[in-house]
Amino acid sequence: MSSTIAAYKEKMKELSMLSLICSCFYTQPHPNTINKFDDMEVKSINKRASGQAFEVILKPQSSDLSPEQPITPKKKDISLEKLQNQLDAAEDRRKIQEMQLLQQLAEKQQHRRIVLHRAIVDNCNFISTTERKLNQKMEACNENRKAHIAALKDRLREKERHAAEVRRNKLLREELSG
């Protein structure tokens, strides 16, 4: 009984698709259209104003299929040798896949090493460039400071000369006036 219901549901799915396809070509159903399948008949009726209607007539189940004897596909007799060959082939495929996976992992590891080496080299280059620039700036700062100190010393000498000259002139004036 369950197989009949399952077959009925399957046929109904086919009918709805068939109905959809037919409705694209023929907008009005044919009044006497009869579709015959193995275990059912489908008649198109025109009683609805909103669409198509069908009458489904189920035929009695054929006598050669009984519920006591379910249909099962015959299994092939597989020899032990064939089974062993299949197992060996499966093992070989597994080993090949494992080798490929290991090879991919090794390539990825190699790639990571290369990337890491490049990163270390770039970092070293950046550090040396930064140190060189810092040393140049420090030297420039030291040179600027030395130049500034030298300029201050020159000014101080000039002021001392000027002060000594002013004192001499003051002594000369005192001697002349006095």
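**Notebook: surface patch and salt bridges**

I began with the nonpolar surface: Ile78, Leu80, Leu83 and Leu87 make a patch of about 420 Å². I note that the model is predicted. I then looked up Leu87 and found it placed in helix 2, which covers residues 80-177.

I turned next to the charged side chains. The count of salt bridges comes to four.

I examined Arg94 and Glu98. Their side chains meet in a salt bridge, with 2.8 Å from N to O. I located both residues in helix 2, four residues apart, or about one turn of the helix. I recorded Arg94 as partly exposed, at 39% relative accessibility. Glu98 is also partly exposed, with a relative accessible area of 41%.

I moved on to Asp154, which forms a salt bridge with Arg157; their closest N and O atoms are 2.9 Å apart. About one helical turn separates Asp154 and Arg157, because they stand three residues apart in helix 2.

I then checked Glu158 and Arg161. A salt bridge joins Arg161 to Glu158, and the closest N and O atoms lie 2.8 Å apart. I found both in helix 2, three residues apart, about one turn of the helix.

Lastly, I traced shared partners: salt bridges join Glu91, Arg94 and Glu98 into one network.

Notes: Residues numbered from 1 in each chain as written. Predicted model: local features only at pLDDT ≥ 70, side-chain atom pairs only at ≥ 80, totals over all residues. Heavy atoms only, no water. Patch = residues over 30% accessible without salt bridge, like charges linked within 9 Å, V, L, I, M, F, W, Y side chains within 5 Å. Areas by Shrake-Rupley, 256 points an atom, 1.4 Å probe, with all protein chains shown as cover. Helix = DSSP H or I, 4+ residues; strand = E, 2+ residues; numbered from the N terminus. Buried < 20%, exposed > 50% of the residue type's maximum accessible area, 1.4 Å probe, protein only.
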